[in-house]
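Please keep the structure in view while reading.

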Amino acid sequence: MKATYKTQGTCSTTIELDIEDNVVKEVFFWGGCSGNLQGIARLVRGMKVADVIEKLEGVRCGNRSTSCPDQLCRALHEMGY
């Protein structure tokens, strides 16, 4: 399943996801601090969705109320995970 999620309150503007059999196949973050986001995308590639949510949900970025990893989890929840 492929989906696009518009983020809120982060440096990234959009997250594109490709999930197959409850495993993250690809993640692309558009906008923002690309080096860190590329690292997160590499980290979660191949992980089970439940593991991604467990590790990254609620992660904050500085003084912001949310972060790109947290928004990734929100996107996964919106996809029904």
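In this predicted model, helix α2 spans residues 49-56, and its residues Val49, Val52, Ile53 and Leu56 are buried. Seen down the axis of α2, these buried residues fall within an arc of 95°, so they line one face of the helix. On the other side of α2, Ala50, Glu54 and Lys55 are exposed. After the helix comes glycine 58, which has a positive phi, near 85°.

Two packed helices are described by the angle between their axes and the distance between the axes. For α2 and helix α3, which covers residues 68-78, the axes come within 9 Å and cross at roughly 140°. That angle makes α2 oblique to α3, and the crossing in which α2 passes α3 is left-handed.

| Helix | Residues in the contact |
|---|---|
| α2 | Val49, Val52, Ile53, Leu56 |
| α3 | Pro69, Asp70, Leu72, Cys73, Leu76, His77 |

Sorted by class, this contact of α2 with α3 has 8 nonpolar, 1 polar and 1 charged residues.

Threonine 14 is found in strand β2, which runs over residues 14-20. Is threonine 14 buried or exposed? With a relative accessible area of 9%, threonine 14 is buried, because buried means under 20%. Leaving aside its neighbours within four places in sequence, threonine 14 is in contact with Thr4, Tyr5, Lys6, Thr7, Phe28, Phe29 and Trp30.

Notes:
Residues are numbered from 1 along each chain as its sequence is written. This is a predicted model: local features need pLDDT of at least 70, side-chain atom pairs count only at pLDDT 80 or more; totals for chains, interfaces and linings use all residues. Side-chain values use heavy atoms; hydrogens and water are left out. Buried means under 20% relative accessible area, exposed over 50%, partly exposed in between (1.4 Å probe, protein chains only). Helices (H or I, at least four residues) and strands (E, at least two) are DSSP runs, numbered from the N terminus. The arc is that of the directions from the helix axis to the C-beta atoms. Axes are lines fitted to C-alpha atoms, for helices over the stretch in contact, and angles run from 0 to 180 degrees between N-to-C directions. Angles under 35 degrees count as roughly parallel, over 145 as roughly antiparallel, 65 to 115 as roughly perpendicular and the rest as oblique. A crossing is left-handed if the near helix is turned anticlockwise from the far one by less than a right angle, and right-handed if clockwise. Contact means heavy atoms within 4.5 Å. Ala, Val, Leu, Ile, Met, Phe, Trp, Tyr, Cys and Pro count as nonpolar, Asp, Glu, Lys and Arg as charged, and the others, Gly among them, as polar.
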